[in-house]
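The sequence and structure are shown below.

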Amino acid sequence: MQVQRVVLNSRPGNNGVPVPENFRLEETSLTSDLQDGEVLVRTLWLSVDPYMRCRMNEDTGVDYAAPWQLSECVDGGGVGVVESSRCSSFSEGNVVTSFNWPWQTHAVMKGIALQKVDPGLVDGHVSYYLGAVGLTGLTALLGIREKGHVTKGANQTMVVSGAAGACGSMAGQIGRLQGCVRVVGICGSDEKCRALVDDLGFSAAVNYRQEDVSSKLKESCPDGIDVYFDNVGGEISDAVIAQMNKDSNVILCGQMSQYNKDVPYPPPLSEETQETLKKKNITRERFTVLNYMDKVDTTLYELSQGVKSGQIKVLETIVNGIENMGDAFCSMMKGGNIGKQVVKISE
């Protein structure tokens, strides 16, 4: 069988900005002779995510993500359908997902690496298993639950940076559902600000490219900030933390503004911000879903119910074709997406 795949063509360098030419599309042959425990899948959807930037380096800097190798097939979150199986857990027609799905039109995978999913739980939108009812949704809900300390009736204000992205758009909605009375998003365009307020129910939104973040936060958060869902780091996070209340909490989800820089993760803070955290007893702890795997199944079901009921709205930016994986990734890294960036590979 002839299939198309995307390999890592070159590295951008630890301080470089990724470009589509870092990826290469090529054809390869795939055997249809399966070994025991293997499954042949046809790829439906692939995900591109900010954490992948560190996988483009020779050393990812984190222990839970291995670097992609030059001229080898790239991998990440994916959803597909089983076309043939020699694994007792799967049969033809099953829809399956994996965190380590190769960027190929078809793939032979070990059954142990796959998880069966029910299209009915997402009303047939199986791409949601890469976002709202997948790792993105898990990160938002578990992050807020485990690190945000949101209490209903406590009149809390949450701020979300990278708020129009995959995780931020979920986090703001979940913060409101968990009990925050005010949720303010920070993003990079007026169009995104409108989507946050009009479509997702944010109380207010700040366009950091056009507005002074500090003054807009003072206006939007008159009682200060109690919970900060941090997706970007850098100067935006310094501005948010400066206005946080005593005993408040930072959910350290990502530091996207720093991913093209050769700095440790999480990146060092300014002395002034470190002093603010200390003086106000603000918690700021790194968060990863991998530490809460025992809660994944029940949390995914909860997310699916929220999506089906309409309590959680899902925004996606869709690109078509495996040949556009590099473009989709680079666009997402520059904020070209609203909601989850996904690539449709086949029907």
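In which sense, left-handed or right-handed, does α2 pass α3? The crossing of α2 with α3 is right-handed. The model under discussion is a predicted one.

## Helix α2 against helix α3

Helix α2 comprises residues 135–148 and helix α3 residues 166–178; their axes come within 8 Å and cross at roughly 40°. An angle of that value makes α2 oblique to α3.

On the α2 side, the contact is formed by T136, G137, T139, A140, L141, I144 and R145, which meet A166, C167, M170, A171, I174, G175 and Q178 of α3. Sorted by class, the residues of this contact are eight nonpolar, five polar and one charged.

## Helix α2 against helix α8

Helix α8 spans residues 296–309, and α2 packs with α8 at an angle of about 105°, the two axes being 10 Å apart. The pair is therefore described as roughly perpendicular.

Residues G137, L138, L141, L142 and R145 of α2 make this contact with V296, T299, L300, E302 and L303 of α8. Six of the contact residues are nonpolar, two are polar and two are charged.

## The six-stranded sheet

Six strands form an open sheet with parallel pairing, in the order β10-β9-β8-β11-β12-β13.

Helix α2 lies across β8 (157–161), β11 (225–230), β12 (244–252) and β13, and runs at about 145° to β12. Helix α3 also packs on the sheet, where it touches β8, β9 and β11; the direction of α3 makes about 175° with that of β8.

## Surroundings of R182

R182 belongs to strand β9. When neighbours within four places in sequence are left aside, the contacts of R182 are Q156, T157, M158, S203, S220, C221, P222 and D223.

How far is the C-alpha atom of R182 from that of G326? The separation is 37 Å, for two residues that lie 144 residues apart along the chain.

Strand β14 (residues 316–320) pairs with strand β15 (residues 340–344) in the parallel sense, over five bridges. Within the pair, I318 stands opposite V342 of β15.

Together with helix α9 (residues 325–333), β14 and β15 make a β-α-β unit, and the unit is right-handed.

How values were computed:
Residues numbered from 1 in each chain as written. Predicted model: local features only at pLDDT ≥ 70, side-chain atom pairs only at ≥ 80, totals over all residues. Heavy atoms only, no water. Pairing = 2+ DSSP bridges. Helix = DSSP H or I, 4+ residues; strand = E, 2+ residues; numbered from the N terminus. Right-handed = clockwise from strand over helix to strand, strands pointing away. Axes fitted to C-alpha atoms, helices over the stretch in contact; angles between N-to-C directions. Parallel < 35°, antiparallel > 145°, perpendicular 65-115°, else oblique. Left-handed = near helix turned anticlockwise from the far one by under 90°. Contact = heavy atoms within 4.5 Å. Nonpolar A, V, L, I, M, F, W, Y, C, P; charged D, E, K, R; others polar.
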